[in-house]
Amino acid sequence: MRRFLLLYATQKGQAKAIAEEICEKAFAHGFSADLHCISESDKYDLKTETAPLVVVVSTTGTGDPPDTARKFVKAIQDKALPGDFFAHLHYGLLGLGDSEYTYFCNGGKIIDKRLQELGAQHFYDTGHADDCVGLELVVEPWIDGLWAALTKHFTASRGKEQGNGALKVAPDASQRTGPVTPDLLHIESQAGLLRLDAPGRKGSEVREQNTVNRNQPSAPPAESESSLTHSIPPLSQASLNIPALPPEYLQVHLQESLGQEESQASVTSVDPTFQVPISKAVQLTTDDAVRTTLLVELDISKTDFSYQPGDAFNVICPNSDSEVQNLLQRLQLTDRREHCVVLKIKADTQKKEHLPKLQPRPYSCASSNLTHPGKLHFIFNIVEFLSNTTTEVLRKGVCTGWLATMVASILHPDPRVSRAEGGKAPAPEISISPRTTNFFHLPSDPSAPIIMVGPGTGIAPFIGFLQHREKLQEQHPDGHFGAMWLFFGCRHKDRDYLFREELRHFHQRGILTHLKVSFSRDAPVGEEEAPVKYVQDNIRLHSEQVAKLLLHEHGCIYVCGDAKNMAKDVNDTLVEIISKEAGIEKLEAMKTLATLKEEKRYLQDIWS
């Protein structure tokens, strides 16, 4: 069977799932995929690899390769490598990204570009899938076209080996030169699919299995309620046409738990991890705010965990106990709650485990270790939504709902528990791991002016910036520190103005030289002008100062928060401002912004 090497670089599991789909389909097309995570460098060697290479790469942050690819990218970016280092390598690459972010599919583009620089050649055109409109729009035709591209590559390779004695092949995909496009190959690959029959199955057998006898009356139900194995009218009386039962590929059984350590088996392991107590929790919004925002303080004094303002870190969370209990009741497994579910793939199948472990949730650090030594602050909105079921139930996000439960005893202490514990209840603990960004930091030159744009919880890293700057100015009273602008926004001045007193303090002390706040849901009072609603409106009001700071004073601008709307609108506003204040066309203004990004003076920490 024709073998190819299949690597994936994943952050949240999408690239892995797609690579596993390719691996499953390969067998049916006469190929064998050697599947590995790109981080498993001990299991493959591109320096000596002779088979074609297929790579699926996601993008994380604002355009970085995923964490699993960092070591690989560092290795191939070694400037000492010769230009023909991968001249023997033929590959196809599928990049995953989101066009709401500035550097679309940049994780894949970084690897693709470097492989080309080292002499590797495409046997199949690179695909760029966009999560903003649906990854499947590119992923599915790209996979469909892959098989013909591989066939062409193997045919051409065999032809080179056989030389003049090569077999004559009819004019088809194998006669073309250069990389092949997915659209054309999708058509060609269908011919191969026509020859794929289910071994040992006749059409009449399938039809017989697919059809339920419409004339046979339904037996009265023995039970009064429906279950996963028993239906009741009207469903049990309906004439159904069901698809053929697919072959089993999973082995599932329950076994008694062997120890406490197995309780975390469903959570993705991250190294290193730290178990830290929650030392404080504060509700930052009023009870009538649209969203509830909490600040949590972690005690990291007894760990090696370190950070600087602008960094992010992972919170490792479990599933909701109540939702797990509901599922156990639905599956009639309540009596085996403490058992472990063991899943295995059958040995005679090419299928792979589409039940990924829970992913760690990233949060921005909202403090400075200069101001709060041994402590780490972060903030979050409690995510709430109505379940899409017949009965409307208010559900909470996996991580934020769990965190809210963890801090409930701190926000609303039970005096009876406190007395029982000798006056103080034990602090709840959570698991965290570092996730340094290496870019969203204060300028190395403290005299450089900065603009911070952070509506809602996007203000988190900027609180750390301001705390840090305040301590630096106290330590260096004669130092020269640049201006600090903050554009903050929320819905209501009296409900969700986060860190209102802290910002007023920084402004009064001159740490925060310009504080511009907008309230999107507050109506004007009396005859006053309608207030600006969004941060981009406030930026536009101060277009002259913003342009001067960025274009003439070598300043930096930081944007943190929602990628889909806010970050895009801020970017469009900056293009408009630069075009107007510099007297240049829109295209030139866009190029100027791109240059600021390249110089790490326009930085984003945004999420969908």
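Select Leu503 to begin. Beyond residues up to four places away in sequence, Leu503 touches Ile459, Ile463, Leu466, Leu486, Tyr497, Leu498, Leu512 and Leu515. Keep in mind that this is a predicted model.

**The largest nonpolar core**

The largest nonpolar core has 32 residues. Which of them touch the most other members? Pick Met452, Ile459, Phe465, Met484, Leu486, Leu503 and Leu512. Now colour by element. Strand S17 (450-453), helix H10 (460-475), S18, helix H11 (500-508), S19 and strand S20 (556-562) each give two or more residues to this core. H10 supplies the largest share, 5 residues.

Next, jump to another core. A second, separate core holds 29 residues, among them Ala26, Val56, Leu94 and Val139.

**The sheet**

Switch to a cartoon view. Five strands make an open sheet, ordered S19-S18-S17-S20-S21, with parallel pairing. Which strands sit at the edges? Select strand S19 (514-519) and strand S21 (602-607): each pairs on one side only. From one strand to the next, the twist averages 10°.

Zoom in on S18, residues 484-490. Its link to S19 consists of 6 bridges, and the two strands run parallel.

**Salt bridges**

Show charged side chains. Side chains of opposite charge can pair when their charged atoms come close. The model has 22 salt bridges.

Go to Arg3 and Glu49. Their side chains form a salt bridge, 2.8 Å from N to O. This pair links distant parts of the chain, 46 residues apart. Arg3 lies in strand S1 (residues 2-9), while Glu49 is in the loop between strand S2 (31-37) and strand S3 (53-57). Is Glu49 buried or exposed? Glu49 counts as buried because its relative accessibility is 8%, and buried means under 20%. Arg3 is partly exposed, at 31% relative accessible area.

Move to Asp494 and Arg500. The closest N and O atoms of this salt bridge are 3.5 Å apart. Asp494 counts as exposed, with 60% relative accessibility. Arg500 is partly exposed, with a relative accessible area of 25%.

Then select helix H12 (residues 535-541). Asp537 and Arg540 meet there in a salt bridge, 3.3 Å from N to O. The two residues are 3 apart in the helix, so about one helical turn separates them. Asp537 is partly exposed at 23% relative accessibility. Arg540 is also partly exposed, with a relative accessible area of 32%.

**Confidence**

Finish by colouring on pLDDT. The protein chain has a mean pLDDT of 85. Of its residues, 81% reach 70 or more.

Where does pLDDT fall below 50? Select residues 164-177, where it is below 50. Beyond near neighbours in sequence, this stretch has 16 contacts in the model. Then select residues 186-222. There, pLDDT stays under 50 as well. The model gives residues 186-222 a count of 27 contacts beyond four places in sequence.

Methods
Residues are numbered from 1 along each chain as its sequence is written. This is a predicted model: local features need pLDDT of at least 70, side-chain atom pairs count only at pLDDT 80 or more; totals for chains, interfaces and linings use all residues. Side-chain values use heavy atoms; hydrogens and water are left out. Two strands pair if DSSP finds at least two bridges between them. Helices (H or I, at least four residues) and strands (E, at least two) are DSSP runs, numbered from the N terminus. Axes are lines fitted to C-alpha atoms, for helices over the stretch in contact, and angles run from 0 to 180 degrees between N-to-C directions. A nonpolar core is a set of buried Ala, Val, Leu, Ile, Met, Phe, Trp, Tyr and Cys residues joined through side-chain atoms within 4.5 Å. Buried means under 20% relative accessible area, exposed over 50%, partly exposed in between (1.4 Å probe, protein chains only). Contact means heavy atoms within 4.5 Å. A salt bridge is a side-chain nitrogen of Lys or Arg within 4 Å of a carboxyl oxygen of Asp or Glu. pLDDT is the predictor's confidence in each residue, from 0 to 100.
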